[in-house]
Amino acid sequence: MKKLSSFLLIFALSIVAACGNLEDKKQSTSSNPKSVLTMSWVKDIGQVNPHMYAPNELFAQAMLYDPLVSYGEDGKIQPALATSWEMATDGKSYTFTLRDDVMYSDGSKLTAENVKRNIDTVVDNSAAHSWLEVVAVIDNVEIIDELQVKINLKEPYYPFLQELSLIRPLRMLADSGFPESGTTKDGIAKPIGSGPWILTDYQQDSFAEFTRNENYWGEKPKLKKVIVKIIPDAQARMMALEKGDIDLIFGSGQLAPAEYQALQKTGKYQTMISEPSSTRILSFNTTYGVTQDKNVRLALQHAFDRQTMIDYVLNGLEQEAYTLFAPGFPFSDIKLEHYTYNLEKATQLLEDAGWALESGATFRTKNGQTLTLVIPYNSGDQVHKTIFEYLQSAWREIGVEVQLIGEEDQLFKMRSKTGQYNLIMNDTWGVPYDPHMYIRTMTGDKQIGYYAQKGLAVSEQLTANIGKVIRSTDEGQRRALYESIFQTIHEEAIFMPLSYRTNYLVANNELANLSFSKQQYEVPLKNFEVK
Amino acid sequence: MKKKIALISSSVLVLLLIAMAIFAPWLAPNDPYATNMALKLQGFSTDYPLGTDYLGRCVLSRLLYGARVSLFIALSVLVVTLFISMFVGLLAGYVGGIVDLVLMRICDIFLAIPDFVFALVIVGALGGGIRNMFIAIVLVSWVGFARIIRNMVRSLKESTYVQYARTIGVPKRKIMIRHIVPFVFPQILLLKLIGLGSTILLISELSFLGLGVSAPMAEWGMMISDSKTYLMSHPMLMFLPGIMISFTVLILNWFGDALREAMDPKAI
């Protein structure tokens, strides 16, 4: 019995993925198969509270709720629930005129009062949004008439409109969606929004069904229904696609590069890669251990063969990155000399800083201290692990020891918050967050960006400049400040950009008009069609 | 006779396994840690008899080194828990009273939680790595044996030869060492050997979840976990370490069973 059970256990371990999701048969595509799309998602969508974060999933929040203004494909702010807006000359207040024809999915109408209620409830709960300047900067909301609201700010804040367009937390919930306590920090009563989709059916950790909002004020979706199946395991998702249980796997969060390529190679599906959406970076901790030494940071920058990493670990799906933000992002077109792959230079830098390689030793030492980098990673993230394992063996050749610590999610977050690392993986967030919000986190306590700059001699100057740049109302001054900030970040080598991340999707051949959204967390289901 | 064959053949297999672990550096055709991105995910070849993994490392070499990790940890756990269980079991069984009560209630607490879940919690709290995994496995596996030893000691304590020893005034410590331990020890060693397989499984399970050994160390459970992404394209990466774990556990269980039957006094 014992023998048998241990054998079975191992067997189950070996084919762990093969048995996922066998039980559920293709469902609900019966009536009109042409207008229903089924896709997979990693996690449950949560309560879909527009004003809060995890476990609410961004893509679902974006499907149900609308912002006052939206972030256009070209980076310009465009009308959404507000048809027009006006900034006061001192930059301290904005007046919005709302659309007259917006109906929530419960039939109620969008009014100035409702907008005020939404913004007030978010501002009330400002502790939850401390990372977000827009919430801190709103002073109060005035109702001018039924379709006009004025938002007064405490101080001028240039990215105000940009941050209003974020998927969360400033999108609008209908009055009937508010809970009895009146504040959405306690959750919501019903997910009632004005967006292109309505949540019509939902079973936790199983599926969610979205139906087209026939009263949507904008361009209506072409699909009639979207069914989202929650499938946490990548192999199970791939098999579900193979069986026809789902039509679409969207996003790099759902498939590792190797899995994407495996599906692409079968030739049975359409595959698509997006433009760069954000930057994969390694962030140094300048307050901890050997990475306080600038030469070490510089040497590592030169000792990193990005192209090999991208070709073999990321299967060529991303592009080499040498700057924190891709050129083309706001204020990011700055000429900076790249740290190119050059092992000789790296070795020289380490020698210069006194990190010597004793004969017979594998790793460099200085005053008895070994050149060891502590690199933690989330033990569930296979791609990160592979990248680090590659670095571990590559850096061994120049005498740098890498100590990899795979940790459970909570522990990993705690380590990142307390700064117990030399190097950590961190992505920027893409538009509309980049560059200003990513830069701003560098001044926030316990953030990864904070540990990156805190140990620098120029830390104070940098922090002051970041404080200034988000307050500045003058475009020219802003540009100059950003340039100086990017320059410092680059010279001090506190971030090591790896690649510009891309998003990708795999779909069966029945889907058409597939595309990506500029915002990497949004799934532009509105445009998708079934042939 | 049949028993003897089973014992001999299983012993040979166990010895082979141990030899494989000890002589891994000489047997392995390549450096198990040397990556070569240009040669990643290769099939079987003369340079790489069992192919290469996602970083271009030699799979055969990693499997051989993996045997070292599993067997080394499992055997160290065996030795350490043997001492802990013996100590606790003897103390509780022989001294009795309040000491027995307290120690056994502690055991109850440990026994109330499934081994694997408990180990997972400990490793989760302490962080991964060989040392923490070792601590976790020791903590979950001493309990059951301590209880068995305690019960054995209690019944031995009432046996006539111990009673005599006590009557003629042999000190307690001497009774324990001379009259009780020699009787208990071989039986417990046997039980421990039978449990070796499940310890190896536990190591692999924790490593599979990324909470066991840390990279780049080769470990079978971690090799399975690492190859999840390549299940569709390169299934061998997952099967090979899976086969290794299965065989190792089967061999050890078989060996334990054969040993127990051979030593069973009723059978003679």
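I'll start with the annotation. UniProt, in an unreviewed entry, lists residues 76-448 of chain A as "domain: Solute-binding protein family". Bear in mind that what we have here is a predicted model. In that model, residues 76-448 of chain A come out as 27% helix and 23% strand.

Now chain B. Its secondary structure is ten helices and zero strands. The C-alpha trace spans about 75 × 50 × 25 Å along its principal axes. Chain B has 268 residues, and 43% of them are buried. If you take the contacts in chain B with a separation of 6 or more, 66% are between residues 24 or more positions apart.

Next, the interface. Here 34 residues of chain B are in contact with 32 residues of chain A. On the chain B side, α8 (172-208) and α10 (236-263) each supply at least two residues. The largest share is from α10(B), with eight residues. By class, that side of chain B has 19 nonpolar, 13 polar and two charged residues.

Last, the core. The largest nonpolar core has 219 residues, and the members touching the most others are A:M39, A:I249, A:I375 and B:I137. The element that gives the most to this core is helix α3 of chain B, residues 59-95, with 14 residues.

So which residues is B:I137 in contact with, leaving aside neighbours within four places in sequence? They are B:V77, B:A119, B:T199, B:L202 and B:I203. Of these, B:V77 falls within the residue range of α3, and B:T199, B:L202 and B:I203 fall within that of α8.

Methods. Residues are numbered from 1 along each chain as its sequence is written. Chains are lettered from A and ligands numbered from 1 in the order in which they are written. This is a predicted model: local features need pLDDT of at least 70, side-chain atom pairs count only at pLDDT 80 or more; totals for chains, interfaces and linings use all residues. A nonpolar core is a set of buried Ala, Val, Leu, Ile, Met, Phe, Trp, Tyr and Cys residues joined through C-beta atoms within 7 Å. A residue is buried if 20 or more other C-beta atoms lie within 10 Å of its own, exposed if 12 or fewer, and partly exposed in between; C-beta atoms are placed from the backbone. Helices (H or I, at least four residues) and strands (E, at least two) are DSSP runs, numbered from the N terminus. Two residues are in contact if their C-beta atoms, placed from the backbone, lie within 7 Å. Ala, Val, Leu, Ile, Met, Phe, Trp, Tyr, Cys and Pro count as nonpolar, Asp, Glu, Lys and Arg as charged, and the others, Gly among them, as polar. UniProt positions are given in the numbering used here, feature names are shortened, and annotations may be inferred rather than shown by experiment.
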